[in-house]
Structures are given as structure tokens and as C-alpha cells.
Amino acid sequence: VETIGDSCFAYCYALESVTFEKDSKFEEGSKLTSIGNYAFSYCNRGLKSIIIPASVETIGQSCFSYCYALESVTFEKSSKFEKGSKLTTIGGSAFHSCEALKSITIPASVGTIGEYSFACCEALESVTYENDIILTAIAEGAFNGCSALQSITIPASVVTIGEYSFGGCWELSSVTIGESVKSIGESAFSDIPDGAVITCLSYD
């Protein structure tokens, strides 16, 4: 399987497990390259974890949105060559309202995180970007309403922080903005706590 189509498993409320098999004949990873829009949306009762194969390049719009029980998302690395994920795009609202998700590590290969991709992930405490990430923009509302998020470091590659991107992050007390940022959108950090420390790095 190379593609999972739009809404393929949407509203499978009781779905508990999703496994992407590897090609055992050649000891290679999955051949899957894209997961479509709304593919697993509203699998909201039993699905607690998902491992995205290293071969996946695109996660579609609202792909895992409203998977309320989803606690863990892992972006697999190729075990044969020890290479990283091939993921380049996380679609808009891809993980919107995954209320149990506590942490996420964004692969270095990601160049696009869509609007409101992790919005309303109310338990999200940690957002980590892999070294040498190529991401250039934090899209509008990307982490809006992540009310448990306490600190964030914007990667050095990022040039633009979109509108409302961290709005409503009520516990966000520490923000480090990378030296490449040139534009910060309207209400990007609205409603963060009084006394929050924002550090803007600069080139030496």
C-alpha cells in the first residue's frame, strides 16, 4: 500500500490499533507515502498511539483530528540505513483536538506545518524540533489553544510565525525565538501569562 485515501477510516470510533507492515522479503520499511485528508478523523475512543512509517511524505488535512484518546505519535526512522523520516508536510488541522497528546517531535524533513495542525491539543506539554529542520514557517493557529504548553523554542530555520499560532497557550511562560524570524503575526502569543519570558536570539 502506497496511499491511504481521504476519509478511509474516518469515524471508526472503536479502532484501537493501526500497524503498517514492513516489506519482510527485502527487509525494507513500509511503502506508504501519503495518508489522505480525514483518513483517521474521529477515531476517538480506542486509538491511543500511532507510528508513522519513515516512508510517509504527506499527512493530509485533518488526518487524525478529533482522535481524543491519541496519546503518542511517533515518526519512524528507517532502520536499514538509520535515516530520518521523509515527512515533508503535516496538513492543516492534522492533529486538531487530540486532547490526550502530551508530546510531539517534528522530523527534520518537515517543511510545512499546516494551519491549526496541533490546535486544541490541551494536554500537549512538549514540542520538539529535530536538529537541522528545514521548517520556515509556523502556520496560523498551529498550536493555538495548547493550554498545557509551558515552553517553546522556535527553530533557527523559521522566518515567519503566523497569526494566533500560540494564542490561548495559557501556561506558556518561556518562548525562545530563533534568529531568522522576520515576521510575527497578529495575536501570535495572545493570552499567554503575565510575566512570560520571551527571548529573541540574534546573529553574532
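Guide: Welcome! Strands (E, at least two residues) and helices (H or I, at least four residues) are DSSP runs, numbered from the N terminus. The model is predicted, so local features need pLDDT of at least 70, side-chain atom pairs count only at pLDDT 80 or more, and totals for chains, interfaces and linings use all residues. Residues are numbered from 1 along each chain as its sequence is written, and side-chain values use heavy atoms, leaving out hydrogens and water.

Visitor: Between which strands does the loop with cysteine 120 lie?

Guide: Cysteine 120 is not a glycine, yet has a positive phi of about 60°. Most residues other than glycine have a negative phi. The loop holding cysteine 120 runs between β8 (112-113) and β9 (126-129).

Visitor: What is the relative accessible area of tyrosine 11?

Guide: Tyrosine 11 also has a positive phi, about 65°, although it is not a glycine. Its place is the loop between β1 (3-4) and β2 (34-35). Buried means under 20% relative accessible area, exposed over 50%, and partly exposed in between (1.4 Å probe, protein chains only). Tyrosine 11 counts as partly exposed, at 48%.

Visitor: Which residue in β13 is the bridge partner of threonine 153?

Guide: β11 and β13 (residues 174-177) pair in the parallel sense over 3 bridges. The partner of threonine 153 in β13 is threonine 176.

Key: Pairing = 2+ DSSP bridges.
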